[in-house]
Amino acid sequence: MTRQVHELATEQYGNRGHITSRKPLRPENAPDAWERASLEAFAQGVPETLSVAEIDGAPYLRLMRPMITEVPCLKCHACQGYQAGEQRGGISVSIPLRPYQAIQAQLTRLGTIHLAILWLLGLLFFLYFKRVVDARIREVEQARSAVEQSERKYRLLFNEMEIGFGLADTASGEILDCNPCLARLVERSPAELIGQKQSILHPEATTPEGLTEDFVARRQAPQGNILNAQLLTKSGQIREVEIQTRRLELDGRQLFLGMFKDVTDLHAHARQSFLLLQAIEQSPIAILITDLQGVPQYINRYFSVQKGYRLADLQRSDNPVHQFLRRHIADFRQNGAATGIVPADWTEERLAQRKNGSTYWERSSFSPVYDQQGQLSHFLMLGEDISDEKNSALQFEYLATHDSLTGLANRLLLHDRTDQAILKAKRQRQQVFLLLLDLDRFKIVNDSLGHDIGDQLLLQVAERLRGAVRESDTVARLGGDEFVVLFPEVNSDATIVDLAESIRRAIANPIRIQQREILVTASIGLSQYPAHGDSCAELIRHADLAMYRAKESGNCLCSFDPAMDQRMAETLEIESDLRYALTRDQLLLHYQPKVACATGQLIGMEALLRWRHPEKGLISPALFIPVAEQTGLIGEIGSWVLDTVCRQIADWQRNGLQPVTVAINLSARQFERADLACQIHDQLQDCGVAAGLLEVELTEGLIMKKPLAAVQIMEQLKQYGVRIALDDFGTGYSSLNYLRRFPLDVLKIDRSFVDDLGEDRSAEAVATSIVSIAHSLGLQAVAEGVETEIQLRFLRQIGCDQVQGYYFHKPLPVEAITELLARSQQG
């Protein structure tokens, strides 16, 4: 621009302008002598030179100002060693003076006035021209300022761009320039990159010249092509980039301008999206995406495999899946519009149909899908095959509500059905009956024949019960050998009697299992809504009480009576009071004498437990002994009886009396203790009592529960010298084979046979047989419950050894039995 101004001034006015420097790039810019002197003056700080000097022999008015090196100037003049702020030359303006001199001569000739006018005009012209030159200089300065501003703007843009820029020499690969963005990509500063080989940016193998293979290949590549590459950061991390290159030529040098776009996150997102797409496509769940109208837009592979449809099939309006989607999505959106709430996820379990018509259970989930602007754009449906889950749930539900052995309803299902039946009966004013059935002597079958036989027996009983009831009735197993039958909608008592009789007949027939015929009987308790309760638990409890009454009385069927509740309350009260009887010394022993049958001499006694209640008086053992056995208190009571008897025998010995054998009764719980023999032996030792003075009485039923174990315990007792009596002989079911193996000392004839002596020949035959068996086995025979002379006479005739009963003595308290013992020894 400055050069153009000078050329214009030379053309129009003959003025000469010259840009010069002490180190000119071109010969035409070399300074003349005056300019060189001015440049030296500038170096001394002179801001401007103005003088008249000759050019080509002609005088000129010469004006010169210095030029200062700025940053943009370095682009061309850096190679000359200049630095920003240094003086690099000057601009001179030379105005020819000959025209002025000619005018001056003419004016001289024309006179002083004319000369003055000429001088005045010349001066005015000079001032005008100077003004013009100054204006031109200002234009040059403004143009230069605009260039500098433009360069600053583009430099700012270069530095602030979020895309990395780098300029490299094509031949050497040297990085000539880069912006901060590129430097940040590799965790460096621009100063660390500029001047380095471009291989500093890349982890790939390099050529022998230190260039990457991609860089070499791009020398011949088309302009603007894009390369996917990797950059190596200072910390050793890899960044993925897209590089777009252009070849440039600047000052005769071939350059590469590279634009680097960081696509690390983009590629990671793409990989993640691809992985997600593959996961969706290979998911074991049917996935479908619809538009807002319910028209399918996408299905995954499993959807096609599971249902048999292609996407094109689903987009047909007559397709059942298409219709299902449109209907449900319409309801889905309508509900959201009606409530003013954005539709949320929705799930249902349904029976879905495949293309081939087969069905399966599916959990269908619908979810809204929103676009980037947050607007509802699609719907997503997930279909999960839950057939196995449903089947498992049904199986679990069945197992939770049915007995695992028989397949009958269990307690949980029985409660539910009973409560439902009661609600219905309450509305319709009908009755509900509940029958509780307990198999008699089932434990004996289990113990003697084995649990497998017992289970098969229960299965056949369950099957017979099913066949004996109506379809509306429910047969349940509560556990063990207890069954319950629920009879809803019964209109009369006669109907329930007929139903109960049909059940009794069904069970009464012999059951054949593994070549064995087993005869089964049952005790049945019956309760009724509304008379006996209004809940399942209450009806079961009352039926259970009735069943136990049936079992006690020997009847097959017993209906609940409110008096049973009273007896149960009394039993609970007895249990509660009995727990305190031991600690409060309310228990005591009475002793019933045993006498020689032939002479009537006192030769032994039986200790009988009594309970003197502070409020109720003397309570019968028949009331509290069963309660003690049921609650487990019998073990503690039995230990107290043993201790009391041993101490009493020791007390008689200390008082000079000759003791006789004292018998005590053992309960089932005591007899089941493995250390029973040791406990009795230790107690005798502690009290200093001979073992032969103690006799333990065992019932047939107690021994025959576990005969082999019973033999072992009895043998241990015999080793210690304790006498053993088999009580109530003839009422149980012990075999003679077992009897000969038991280490017994005494057989006691049950009082049920003694009562009928002299009146019933069969009773007399049984008593005679028992005495005969006892003597043949070397045992003593003892009859209990002797109350008449006739009974005593018959027992003497058959050779019975000992008797006890009211004919001789009632059970006596300790003071009376002590006095009797003393009298018998004095006589």
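Begin with the open sheet of 5 strands, ordered β6-β5-β9-β8-β7 with antiparallel pairing. Strands are DSSP E runs of at least two residues, helices H or I runs of at least four, numbered from the N terminus. Pairing needs at least two DSSP bridges between two strands. β6 (175-178) and β7 (226-232) are at the edges with a single partner strand each, so one side of each has no neighbour in the sheet. Strand-to-strand twist averages 35 degrees.

This is a predicted model: local features need pLDDT of at least 70, side-chain atom pairs pLDDT 80 or more, while totals for chains, interfaces and linings use all residues. Numbering starts from 1 along each chain as its sequence is written, and side-chain values use heavy atoms, without hydrogens and water.

Select β5 (164-169) and β9 (253-262). They pair antiparallel over 6 bridges. Leu167 has Leu257 in β9 as its bridge partner.

Next, select Ile117. It sits in helix α5 (112-160).

Now go to strand β22 (587-596). Here 9 of the 10 residues are buried, so β22 is largely enclosed by the rest of the structure. Gln592 stands opposite Glu606 in β23. The two strands form a hairpin with 5 residues between them, and Gly600 in the turn has a positive phi of about 80 degrees.

Last, select β30 (802-804). It runs antiparallel to β22, joined by 2 bridges. Ala596 stands opposite Gln802.

Key
Axes are lines fitted to C-alpha atoms, for helices over the stretch in contact, and angles run from 0 to 180 degrees between N-to-C directions. Buried means under 20% relative accessible area, exposed over 50%, partly exposed in between (1.4 Å probe, protein chains only).
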